[in-house]
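Hi there,

Here is the structure I promised to pass on to you. Have a look at it first, and then read on for what turned up.

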Amino acid sequence: MTAPVVTRFAPSPTGFLHIGGARTALFNWLYARKFGGKMLLRIEDTDRERSTEPAIAAILDGLKWLGIEWDGDTVFQFARAGRHREVAEQLLAAGKAYHCYATADELKEMREKARAEGKSKLYDGRWRDRAATAAEAGMKPTIRLKAPLTGETVIDDQVQGRVVWQNENLDDLVLLRGDGNPTYMLAVVVDDHDMGVTHVIRGDDHLINAARQKQIYDALGWELPSMSHIPLIHGPDGSKLSKRHGALGVDAYRALGYVPAALRNYLVRLGWSHGDQEIFSTEEMIAAFDLSAIGRSAARFDFAKLENLNGHYIRHSDDQSLATMFEDVLSYVPNGATLKAKVNDTTRAQLLQAMPGLKERAKTLIELIDNAGFIFADRPLAMEPKAAAVLTPETRALIGKLQIALAEVTDWSATTTEAAMRTFAEANGLKLGAIAQPLRVALTGKTTSPGIFDVLAVLGRSECLSRLADQASV
């Protein structure tokens with residue numbers, strides 16, 4: 001019987017959940033869900049100086065916001081240090097590891113010599129078969145793996161294919177430092193084994209680690225999990241991803257007004273393909289995802305493509321969900337607190353009423369908020385420069401006449417106000433377009449908005465007449 005699939009996402013909490021980490025988590029989650037398995041979460045907090053509680057919180061919040069749910073309790077690697085030490089001592093007792101008493105100066109000298117000779121192996125193995133009596137007095141030894149000196153270490157990678165390293169080029173890894181703390185390499189192997197991880201899916205910057213970790217697995221007689229090393233994400237120009245390209249934290253994308261489902265959909269297509277399909281529901285992603293369809297070359301991040309995809313998701317989201325996301329993102333927007341204070345039962349109802357028109361024009365939730373600004377605006381309206389330019393003496397006189405005509409409408413709706421404006425235009429020999437723009441400026445303070453009759457309906461009779469009166473001259 002085949003063992004159930006167990007994947008893991010194992011970030012280091014030294015900063016936010018970056019976009020590459022989010023994609024790795026997504027791939028692990030999709031693969032586990034496809035096979036009815038589990039995705040575990042392990043926080044690799046062994047770097048005590050750089051690991052922080054805010055970073056841990058940002059990682060957990062980012063995953064939850066993206067809709068990536070892990071199974072079971074979160075494992076904290078540092079809490080398992082005793083188990084890691086136990087395994088290092090086990091290898092030592094079995095003759096698979098040894099005490100190394102090399103001083104810092106000796107190690108530096110070895111590294112410099114190896115680099116000068118163009119060698120990748122930086123430790124010369126001088127303590128492999130040397131007695132502790134030859135050590136410097138008071139020196140606390142490290143424990144190193146007694147790695148094979150000849151032959152090959154081979155990984156059959158699900159993405160990269162067969163990858164081979166010559167053992168003569170690989171160092172004897174430090175498993176336990178002189179202070180008794182385990183190294184990352186040892187901790188990862190022990191944790192993956194103890195957690196029952198069957199598939200390791202991670203960035204290809206870890207590929208060399210796979211060779212080193214396989215040697216630890218072999219020394220322990222443990223089965224190596226299936227390995228899949230996915231290419232990193234590059235900028236649109238093919239260079240290493242930077243902040244200007246999109247190397248931001250997931251929290252930044254949330255603040256920029258991206259919808260979780262859209263970002264998830266965009267990430268799944270970064271380096272993985274399923275024919276020409278671009279839009280995937282969560283169920284479709286799970287059903288279609290497979291490691292064999294991940295490319296070997298770096299994926300290129302494209303903000304314009306993400307924005308267009310986000311616009312698609314906004315247009316196809318139901319109005320209530322968008323209204324909820326609208327309020328959520330206010331916490332991240334400059335002056336969002338001011339706007340949040342204006343969200344009440346009345347403005348919520350107006351927002352929902354306006355949503356069909358608002359979402360057609362917005363590619364991000366920030367644009368949606370900006371376009372909905374007319375609902376929350378204080379009187380007299382602050383005018384955008386282009387809108388202010390529309391307000392000539394002639395236009396203000398027209399606005400005054402429009403206010404009088406609209407005051408005659410008692411059964412207020414988009415239909416009745418449109419009928420009143422058409423009647424006014426006809427009576428005054430004007431085209432409807434000549435009326436619409438001054439009306440829009442007076443009601444919203446902008447030259448663009450949802451349909452003007454929808455704006456009239458959303459704001460209501462009293463507010464519309466008051467705003468028109470503010471801008472009118474008779």
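Let me start with the largest pocket, whose lining residues divide into 15 nonpolar, twelve polar and nine charged (Ala, Val, Leu, Ile, Met, Phe, Trp, Tyr, Cys and Pro count as nonpolar, Asp, Glu, Lys and Arg as charged, and the others, Gly among them, as polar). A pocket here is an open set of points on a 1 Å grid over the protein atoms alone, with protein on both sides within 12 Å along at least five of seven lines, and lining residues have an atom within 4 Å of a point. The volume of this pocket is about 1,100 Å³, meaning the space filled by probe spheres set on the points, which are joined across faces, edges and corners. Among its 36 lining residues, S12, H18, G21, D205 and H206 lie nearest the centre. Helix α1 gives the most to the lining, five residues; helices (H or I, at least four residues) and strands (E, at least two) are DSSP runs numbered from the N terminus.

A word on the model: it is predicted, so to speak of local features takes pLDDT of at least 70 and side-chain atom pairs count only at pLDDT 80 or more, while totals for chains, interfaces and linings use all residues. Residues are numbered from 1 along each chain as its sequence is written, and side-chain values use heavy atoms, with hydrogens and water left out.

The second largest pocket holds about 550 Å³ of space. Of its 24 lining residues, D370, G373, F374, A377 and K446 are the closest to its centre.

There is also one cavity of 30 Å³ or more, a cavity being a set of points where a 1.4 Å probe fits but cannot get out. Its lining consists of N371, F374, T444, K446, T448 and S449.

Now for the rings. Eleven aromatic pairs were found across the whole structure (Phe, Tyr and Trp rings, the six-membered one for Trp, with centres within 6.5 Å; planes under 30 degrees apart are stacked, over 60 edge-to-face, the rest tilted). In one of them, the planes of F27 and F289 meet at 45° with ring centres 5.0 Å apart, so this pair is tilted. F27 and F289 are both buried (under 20% relative accessible area, with a 1.4 Å probe and protein chains only).

Finally, the charged end of R144 sits over the ring of Y123, 3.6 Å from its centre (NZ of Lys or CZ of Arg within 6 Å of the ring centre and within 35 degrees of the ring normal).

Best wishes

Note on methods:
Buried means under 20% relative accessible area, exposed over 50%, partly exposed in between (1.4 Å probe, protein chains only).
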